[in-house]
Each structure stands twice: as structure tokens, then as C-alpha cells.
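Subject: Handover of a structure model

Dear colleague,

Please find the structure below, followed by an account of what was found in it. I would be grateful if you would read the two side by side.

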Amino acid sequence: MGKFEEKLRTPSSEYRSVPFWSWNDELDLNELQWQIHEMKEKGIGGFFMHARGGLKTPYMSEKWMKCVKACIEEAKQLDMEAWLYDEEGWPSGFAGGAVPALGEYYYMRWMECEKVRGYEIVSDEMILGIYDESAYFLGNKVEKIKNKDAWVYVIKEKMNPYYVDVLNSKVVKKFLEFTHEVYKKELGKEFGRNMPGFFTDEPQFAKLKIPYSLILPEYFKKVNGYELTDALLSLFEDTPDAGIHRYNFWKVISELYTNGYMKTVGQWCKENGCKLTGHVMREDSLLLQMQATAGVMPSYEYMDMPGIDWLRRRISSPLTPKQVGSVAAQLGKKHVITESFAMTGWDCSPEELKWITQWQYVNGVNRMCQHLQSYSIRGCRKRDFPPSLFYQQSWWKEYKIFCDYIARLGVLLTEGFSAAEVLLLHPMHSAWMLYDGKEEGPVVEFGNKFESLSQTLSDYHIEHHYGDEDIIKKYGKIGNGKFIVGQCEYRTVILPDMLCIEDSTVKLLLQFVENGGHVFSVGSFPKYMQGGKNSLLDELYQKIEKIDVISLKEKLWKILEFPISVTENGNEVVNIHYQLRKCGEMKILYLVNLNKNGNYSVLLQCPGENEIIEYIVEEDAKQKCCCIYGDKVTKLQIKMNEMEGKVFFIKERKNKKDEDLEDNKEIYREKETIVLEQGGSWKLDWADWNSYTLDRCSYRIGDGQWKDEVNTIQIMEILLKQKRPVNVSLKYKFVVETEPQLLEEMFLVAETGKELHVEINGVKLELEECGWWKDKGFRKYRILPYIRRGSNEIILNIDFYQSKKVYDVLFGENVLETEINKLTYNTEIESVYLIGKFGVYNRNGFTYAWRKGLSCDSQFVIRQLPDTLYGEDFTSQGFCFFAGRLRIKQNIFICPWDDSKGVKIEKIAGKRYIYKFNRPNAMTAILYINGKLVKQFMWAPFECDVTDYLKDGINEFMWELFASNRNLLGPHHHIDGELYAVWPASFTDTPTVFLADDRNVWSELYHFVKFGM
């Protein structure tokens, strides 16, 4: 076995996932070590030790360092990577508040513009400039205004003490001093070795603002040769010279951001023998980049493992992953990481996780950082941008299948080098000229055009990289007729819609054309060079070809060395994208079907006569493909299931026998098959403890009157507004419609300590916990002896207390997310849970909705479990809040005659039985036939050959299904039902920040998702 094959069979930790390990409670060394072993068992390669909201062990304290050192040592023993996250919460840079605590010099700053009458201006040292309506600069003093009745523009500097000025390298060096230098001193020889480096997260200038820094005026003048005050109004208003002023301003901001933060941190890491990874803020569009970084691609140069994050259950245009993937390929960075799966929600299936992964991997990413694995999910932690992909999941033991899959992809997509032959220029600098600080306008339209073009190129199977002009300026050259950027060589350059272009880019393009290179324009040609006019643009315009994408595809088939076509019925299949890599004499082709609901039978075509072998990633197996040859083209028919990825090894065919030139249909013809399909009812064979979330209760504060029932989250908000310690009683009610002794067992689960003071049906009790359930912070108490048929009530008594810090963060002025993201409550009001051998039903039935959703009122009752289950929805059949595993079975009769009609049918000897079924409404499903394991299904195709497991007569088909935590943990009360963007506010009445939405989104109904076969 060769080295490559061995790496694929058992990928090392270098290729395996490195999740965010959320340290979000009081840390215990034994628990930390146990969790590391759990990760290792599931095929995870390491972790980022990430301080996060809920943390009760003081950040950077002696105990914190003790935990860090212990985890590094444990990881060392298990050949795992123990990375550090560089901040308490996020965004990175403020050292948990230590840097801004040094004083105003370190504060984050920005500018705001207001149009007022002259007499309305109050003298303020924060005024940077006053301008009349003709954009003339009047100075920064009120006294300079002669006509007090005239309208003027006032531009002021603003600042916030909760974050820092990342444009200023002196400020960033203080962050390094308080964080990185401390870790280096504490960790000694392990620093940079078993602790490889740091994850830096979302450093940003003032988000959604026009940034400012105390060093900005001097640096602006040094670069541009004139005063910053001459440009300020143009940043907000369309002045006559707005374009050139904006270009000059944002060029400076981009340099200050890239050099001030990322270069400063990256160089420190390089000089101190460790690595830098992470991602910057708002990568997802040109507009978003203008609001936080002024362009993300230059920052990737200074990261050893550059990365992105991808939130929510969705995919998009290639922009975000292709930006980072392009720079990494060009600058020879082996690994590109993605922080993924935050906000996908508790019901995001492994298949959907794989779908999101594959979309990023086909565009240049090759390593996974799962967001996240929670040390604990008790209290608000369960709502921390879920899910927690950790031991709290019912399918945690099966998670290794997913982890091994993405690890092998990591090996495949780091082997060799990218074979992309087309460079698409990135129009970030054009956005500099267009952005005026608003959420709409030309910069949005411009960005949409670029994303649409990149999407169309990918749809038509024109693999491409992006060319950032700052990267090109440093690493671009022409050689052997190729446009070279770092380690990548391109045969073709494409200009998208552009408003401006750099002179260095223009000169390279002219040289490229003179050396036989091909330059195409598929949008509006740039009007400006360096933000101004230049005759070189006219020269370039005469030497390029204006073209549409379809015509471009035809031309590139002749220009490129190894073009790819993926068609169905003669048309390129736009939902299938690919990446091609060169590995010596072999090429690796990675095909991905991005369609969530569509299958395709496609024809793959590539030039030359090639031998193609399919590599089956899940099985670490190879299968030779039957190709068709002719006209110097290799053709291969491929079936692509929904959300499926396929890998092919392609080599030039050495032995070209005459009989191999045609498809040998007799040899490769599929054997005749008999299809078995699922249907009918299922007998419930076994189930984990069922659950019932009690998330509504009446309450009273102290000895006051009992208040009507509300949701527990709403009680938390009510008590916080008291801004004082209180004693609160919570009364939970539920109904049992069977004799309790028939239920065998029932437990109360509460997110409290080992002892629970409770009153059940009027009996005051002091219950001792008897283990944990779902999470080690979910304590279990036996209550069946105290339960009665009919109405039951449980009263908890809690001393509610919060520190002054909590109230300052929640009710203080101008508090940024830096504080909210690391907030820890002293006391939390949460739902409680009943678990046991019972069913939970709704008296009034369910209404079905989109995204597998169903809803009902609050009239739940406890009865015995059902014996039989039907259809695709078990949720409504007694498993409303179920979050475990269950087994169902049915018998299938196999016989060579039709027993119902008593007549013989076609013989079945030598035929194959294919069992087909619909996608289960479950996280994963395991099929057993006659007591033997057949296969585990996490994703399509949902069929398998079961011939070898069958016998004549009765055959028992058994499924083990794994439910998600969605129906247990919610969100239960959002009017939109199942959400694909879940964040803490999704559990309240606050609308999403991702859409223009001013609704009260709270629903008194309960919203679930289907679970079933």
C-alpha cells in the first residue's frame, strides 16, 4: 500500500476536524479529559479551547491555565492537536476587556455624518470636519461657520470602550502581550508543538460604520499626499470627487486593517514558532466586507491555515469559500479551515452537514472546525447558536462515520495542487469607490453581479480562482505564456464588471496578452485605474475579447489543458460543481451535487483517453469505471444522488486495446433486480426513555400572588428586570391518563445541583440525583412514586441572584457583543423534563407545515407507549419531545410465487434484491435484516442490495432510528416553525437579524419536526 493510500485509509490528525470546544461552565479536569477521549473515539483530530458565554472558571486564571495544560498533555498522548482560541468570547482583539481597560487610545472608533443647521451645532472636540452643501471644508470649529442658518454637514468621531482599534498595530500588540505572550510563558516547550497555534475570530473595525483611528489622519496624508479632511464628506455623500476620495480612503483602511491586525498577529506567531488560523468578519459579499474589513483576501496571506465561517443551514454562491481557497492555492497554504454549522439548528442532519461541507470543499476549503462542541448545554448554553455536535446527541456514537468522511476528503483535497486554469479578477477595489456607508445602492448591485458571474462559471464547469489585486501586485508575474500568481499558473484571465483596476494589474494583463495569453471581459470594462483615468486602460480594452459565458465555455475547451464538461441531455448540469487537482501523473476530480432534492444521470467528458477509477470515500474503496472513448475524449456516465459527492482518480490510459474502445455493455450491464419498497405499519420493538419538556409554569416572587403560566424563558426575563435578588417559586403542571405503575419508571430532569428541593402534588421532598441524562448538567431524580393519575404539579423553589456585571451588560449603554458573548449568569431559569417509559400525545391533534414541521396547542397528556407506528411521522404518535433512539420492525415475505393469487410468477434465482426507501426523518438510520447488520444510512442513496441477507419465507426488517434534540430543546415557539438560522433570540419573541423583520415572532403553539421512517 502506497503512502497516499495509507493516508486515505487512516487519516492522521492533520486532516481530521478540529472543532470549537466550548468551555462554558465550571471546568473539571476529569471531565475535560473524558471529553477529549470521546472526541478521539469519534475520529476528531483535535480541538480549539474556546472560552465562551457561561464560563465560570475565570479566563486566563491559574485554574484556567491548569486546565489548558492538562488538555494539551492529554491530546499529546492521543496524537491530537490542542489549539488555543485567542479570546474570551469574540471578536478577537480585546483580551477579555484588558486592552480597552488601558484607556481611550485603545478604543474602537468610527465616524458619523449629520446634516444640520449651523446654529444647531454644539462645540465638541470630537468634530472632525464641518462642510457646506458644496462640500467645501469649513474647519472643525463652530466659530468658523459664518452663516448660522445655512445647512451644513458635521462629521464626528465616535468611540466605544468595549472593543479596540484593530487598525492600530500598537493596540494589537497589547492584545498579543495580554494573551499570546502569557500563553507562551505558561506553556513553555509545548508552545507551538503540541499546542500548534491560535484561532483568531472575526477581528473587525467598527462594524457597519465608517472606521476611524487616531493614526488615520497622518497615515492617510502620507499615502495620498493630502489631508483626510478633504475626503471625509465624500465617504457619506456623492460629492464631485467622491470616487477618488473613497478609493484613497478605503485603500488606506484596507492596508491598516491587514497590516495592523493580521500581519501583526501573523508575524508574532511566525517569530514565536506557532501557527495562526481563524477567519475575519463578514466575508459573504462585497457590501459586508466593506462593513468590517474593506476586503478579506489580503488578510489570508498572513495566516498559516486561513479560514472562513459559514453560518446557518444553507449554501450560497462560491464567493466565501473561493476567496480563501484561491489565496491559499496561490500562496501554497496546504490547509483551509471552515468554522461551520453554527445556527443550523438541532435537527440539521448529517446529510445536510455533509451538503454544507461539500459546497465549501469543492470551492477550496479542506479542513473542518465544527461549531461547536459544548462542554455543557445546561441553561442558556443549549441555545448558543445550536447545535452542539457532541455527546449530547443521540447519534454521537455514529458520528465517526461523518468525521472519517470529511477527514478523507481533507486528504484528497490537499494532495497535489489545484489545476484551475482560469483567473477571475475580484472587484473589491471597485467596491471602495462605490460604498457610501449605506446598506443599499450600487455596491450591492455590483457585488451581486460578481457573485452571479462566479456562480455561472461554476455552473458551466469553468473552474476558476479569484485574483485579488493586492495579492497579484505582490505575487503576480508572466511566464511561459501563463498569468502566474504565486504557485498557480493560469491560461485565461476574466474581467468581471469593474469600475476600477490597479495599474499593476493592467501592466501584467498587457504583458500576458503580448505573450499569447487570453483575457476576456464578461461585464462592464473598468473606467478608472488607481481610482483615476489612464490611457493604459484604452490600450488594454483594444486587446481583450468581450464575451458571454456560454461562448466562453466553447472557447475554453480549446484553450485549457484539461477542461471538464458535466451534462444531462446535452446541457451542462448547473447544480453539479467540481474541483480538479494534479498529483503527478494522476488527477483527482471531485464532483458535488449541490441540489438538495434532485438526482441526475450525467455524462462526464474530459480530453484524451483516460482510465477513471471511482474512489468511494465512505468505504475507502476503489471501483474501476467503464468509459467510452472517441474523438480524443473520454466519456463516463455517472449517477449523482441529491447532496452527493463523488471522487474520481484519472490517469492517461496506457494500454489501448481495440476491444476496450467501446463500452462493453454485456459485461457492465446491471443485473436484473427485484425492488423491495418500504410501506405499511411498524411494530415498536424498543425505545430509549421518552421525554416531555415542561417549558411553561406559573410563578410567584417571594410570598406574592401566583402569576399565570408563561414560558420559562419569559420568567427569566421578568426576573432580570427586577435587578435584584429574589426568591421565586415555579409551578409546572402535567396530566397522566394512565395508571402510573404501568409506566415502569419516570424521572424528573432538572438543570440544578445534586440535591433538589421540590414539592410534588403537595408533598415536600428533598430528592437526591440518580445520575444524568442527555448532558452531565441535566440531573435525574426518581419521581414515579409521587405521581398520580390525572393532574400533577411540581413546584421548584429557587433563589435567583445575578452579579452586578450581568446587569451592567444587559442594561448598560452602548454595550457591544464583546460583553454579551462572554456573559455568564449566576442563576438561570430553565425548563424541566420528564423522562421514562411513556408516550406523550396531544389531545387536539397536529397541523403540518413546511420543513417537516408540525404544530399543536399545549394540551399534552402522558399515556403508555404505542405498540405500532405508521408513516413518516412518529412525533405525533407519542414521541412529541423524543430525543433518543428507537427500533421498529416489520416482516417481509419472500417467495417465488404470488401467495395472494396462488399462481407462479417469474423465477427469482440469480436476481438481486434492492431495498429502496424514502429518506428517513431521522439523524441516521441502521438497517438490520434477520438480526444481521446490513448498513448504516446517513445520506443518499437510500437503497441497498439486500440479497445476501434474505431467506425464503418470512424476513424480519428492523430499523434503528436516531432522533435529534430539536423536539426536546426547541425552539418550540417561533411562528415560522422550523428555522434554518437558529440563534439565542430564536427562542424568544425577537425576530431574526438576517432579514428585515419587525414582527413579534413568538407563538403560543408548539412547533416540532417529523421524526420517523
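**Strand pairing**

Strand β33 (residues 628-630) is joined to β34 by 3 bridges, and the two run antiparallel. Strands and helices here are DSSP runs numbered from the N terminus, strands being E with at least two residues and helices H or I with at least four; two strands pair if DSSP finds at least two bridges between them. The model is a predicted one, in which local features need pLDDT of at least 70 and side-chain atom pairs count only at pLDDT 80 or more, while totals for chains, interfaces and linings use all residues. Residues are numbered from 1 along each chain as its sequence is written, and side-chain values use heavy atoms, with hydrogens and water left out.

Tyr-629 has Thr-634 as its bridge partner in β34. The hairpin of β33 and β34 has 2 residues between the strands, and Asp-631 in the turn has a positive phi of about 55°. β34 (residues 633-640) is also joined to strand β30 (residues 600-607), by 8 bridges in an antiparallel arrangement; there, Val-602 stands opposite Ile-638.

A further hairpin is formed by β43 and β44, again with 2 residues between them, and Asn-761 in its turn has a positive phi of about 50°. The antiparallel strands β43 and β44 (residues 763-768) are joined by 6 bridges. β43 also pairs with strand β47 (residues 790-800), in the antiparallel sense over 3 bridges. Ile-760 has a bridge partner in each: Val-763 in β44 and Ile-794 in β47.

In a regular strand the side chains alternate between the two faces of the sheet. In β43 (residues 755-760), Leu-756, Val-758 and Ile-760 make up the covered face, and Glu-755, His-757 and Glu-759 the uncovered one.

**Nonpolar cores**

A nonpolar core is a set of buried Ala, Val, Leu, Ile, Met, Phe, Trp, Tyr and Cys residues joined through side-chain atoms within 4.5 Å. Buried means under 20% relative accessible area, exposed over 50%, and partly exposed in between (1.4 Å probe, protein chains only). The largest core has 189 residues, of which Trp-21, Trp-23, Trp-250 and Phe-483 touch the most other members. Helix α7 (residues 242-271) gives the largest share of this core, 12 residues. A second, separate core has 51 residues, including Tyr-699, Tyr-781, Ile-787 and Val-815.

**Cavities**

A cavity is a set of points, on a 1 Å grid over the protein atoms alone, where a 1.4 Å probe fits but cannot get out; lining residues have an atom within 4 Å of a point. Grid points are joined across faces, edges and corners, and a volume is the space filled by probe spheres set on the points. The search of the whole structure finds 6 cavities of 30 Å³ or more.

The volume of the largest cavity is about 180 Å³. It is lined by 18 residues, with Ile-713, Ser-831, Leu-969, His-972 and Phe-987 the closest to its centre. Elements α19 (712-722) and α22 (966-969) each give two or more residues to this lining.

The second largest cavity has a volume of about 90 Å³. Its lining has 14 residues, and those closest to its centre are Glu-463, Leu-560, Phe-562, Pro-563 and Tyr-578.

Gln-714 is found in helix α19. Gln-714 counts as partly exposed because its relative accessibility is 22%.

Yours sincerely

Notes
On a 1 Å grid over the protein atoms alone, a cavity is a set of points where a 1.4 Å probe fits but cannot get out, and a pocket is an open set with protein on both sides within 12 Å along at least five of seven lines; lining residues have an atom within 4 Å of a point.
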